[in-house]
2 protein chains.
Amino acid sequence: MSAEQRQQRIAAYLHKAEFASLEELARHVGASVSTVRRDLTTLAATGSLRRTHGGARLIPAPSEEFAFSSRNTHQLEEKDAIGRACAELIQPGQSIILDAGTTIYHVARHLEERVPQIITNSLPVANLFGATNRLEVIVSGGVIYPRLGVLVGPLAVEAFTKIHADVAILSGGGLTLGGVSNSHGLLIDIQRAMIKAAHRVIFCFDNTKFGRQSVLPLCGLDCIDTVVTDAKAPRELVAQLRKKNIEVIVAR
Amino acid sequence: MSAEQRQQRIAAYLHKAEFASLEELARHVGASVSTVRRDLTTLAATGSLRRTHGGARLIPAPSEEFAFSSRNTHQLEEKDAIGRACAELIQPGQSIILDAGTTIYHVARHLEERVPQIITNSLPVANLFGATNRLEVIVSGGVIYPRLGVLVGPLAVEAFTKIHADVAILSGGGLTLGGVSNSHGLLIDIQRAMIKAAHRVIFCFDNTKFGRQSVLPLCGLDCIDTVVTDAKAPRELVAQLRKKNIEVIVAR
DNA sequence: TATTTTCTTGCAAAGCCTTCCAAAATCTTC
DNA sequence: GAAGATTTTGGAAGGCTTTGCAAGAAAATA
């Protein structure tokens, strides 16, 4: 049997079985485990299935959710740790502005029972809290920025210029000693309004954002009160931030 | 069995059981309690369930968060028929204001490929379109009214007073010859703003709303251009509406 | 506070993955 | 058709991940 033929049979088998172990597949196509392993690597590279430990899995049907929501995101452990650490900074009873983005989504998940009121332009965050009535969620208006479920545009900016909150929790595309940068002008307008609206500004960055510079500048370091990051953040940059009087929390 | 497979089975089990203890899960997937514990931690980090002491609890899936979404609703056949009929009234290219509520959600589902732009205060509707970028969705701001996922309050009213659209599609709690009524003042404020903002006003009522009167009056019959209903609507009332120069579409 | 249950942490065993190598199969070239 | 080069295959060694267990810490219960 040719290689292609074998890979096709593997794909077909998985299509019925959802999961399959290496041995299972090896038996099914009559080849060694090593060969199946190689086949799976190629198949995974072309995107027709996903490798797992000990086997392979069918690609999950394209869900209609937003690009992240929860699973399916890089640096998951780190972001979850950042989320927890950031939530612990919040005093009970404070009102919070929450930015959009995957990192902040993880903050939101740890925030539920601490605060009475949050203000956000992120649909995933709104959905997270919308069904419960434990806390009040104010959603800024705006146009949905498709894949991410962020509300952008003048309506969104306006909403934040009218509001005041104790804390704003944001993230960005990159952090250097020159300040914070982000990828899209639409987002930046809103984030600037958020910063102005809040008494205390907390930025969350996973380690991959350190030292990186994104397309457009958002604000200087002087706008930031606190940075929350994970244990893999470069020590030197952390030290330099502290020297500039920024509180840096390293989540672990 | 691979780790992912096991985690999926845990998630599936919880989907039926709401709660489950560690031992229960361990027995069900044939792994040790330690392993299940670790699995639960990962699953909780992705947000698919919530850890509790001694077990885990289900988190409602995003599509089912709000009280209705699509299934789990009375008069499903009728509402779907109304939704399709109402969507057919829309000319390609028109901009649409969509009210919240289960009936209108069904309209939205049939609207996707007809219009370039919709404006809504319903989170379920926003979620429905938010992940695609086929059409522009403008979300009014506001406070989330918990169970239904409607955005209410001054921010929402204001958003609709600034906007203009070709068509507004609304529903209400009751329809009599005296006009339309609804259950909540917060909703009524917004609906009035929607009516003012649109050139043409379409109301969708399933048959149970005919002849009923809800708590608060919303508007008179003179505000309505078109009513869409289902085949079980009382003929007499339909006839009387037509006599008053209202276009009545009966979906079947 | 005392007691039980559950959680965390560390560790050793088992299983899986990567890497490398030699044999087999296939393709080139003459 | 034959010799050599190339690719594919199956297997083995070593490293990494996962798993189950046990002991101490923390939390819930009474």
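**Helix packing and DNA surfaces**

α3(B) gives the most to the surface near DNA strand D, with three residues. This is a predicted model, where local features need pLDDT of at least 70, side-chain atom pairs count only at pLDDT 80 or more, and totals for chains, interfaces and linings use all residues. Residues are numbered from 1 along each chain as its sequence is written, while chains are lettered from A and ligands numbered from 1 in the order in which they are written.

Me: What makes α4(A) oblique to α5(A)?
Reply: Helix α4 (residues 76-88) of chain A and helix α5 (residues 102-109) of chain A pack at about 55 degrees, with axes 7 Å apart. Angles under 35 degrees count as roughly parallel, over 145 as roughly antiparallel, 65 to 115 as roughly perpendicular and the rest as oblique, so this pair is oblique.

Me: Which residues of α4(A) meet α5(A)?
Reply: Among them are Lys79(A), Ile82(A) and Cys86(A), and the residues they face in α5(A) include His106(A) and Val107(A). Contact here requires C-beta atoms, placed from the backbone, to lie within 7 Å.

Me: Which residues surround DNA strand C?
Reply: Leu22, Arg37, His53 and Gly54 of chain A, along with Leu22, Arg37, His53 and Gly54 of chain B. A residue is near a strand if its C-beta atom, placed from the backbone, lies within 6 Å of it.

Me: How many residues surround DNA strand D?
Reply: There are 13, and the closest are Ser32(A), Ser34(A), Thr35(A), Ser32(B) and Thr35(B).

Key: Axes fitted to C-alpha atoms, helices over the stretch in contact; angles between N-to-C directions. Helix = DSSP H or I, 4+ residues; strand = E, 2+ residues; numbered from the N terminus. Contact = placed C-beta atoms within 7 Å.
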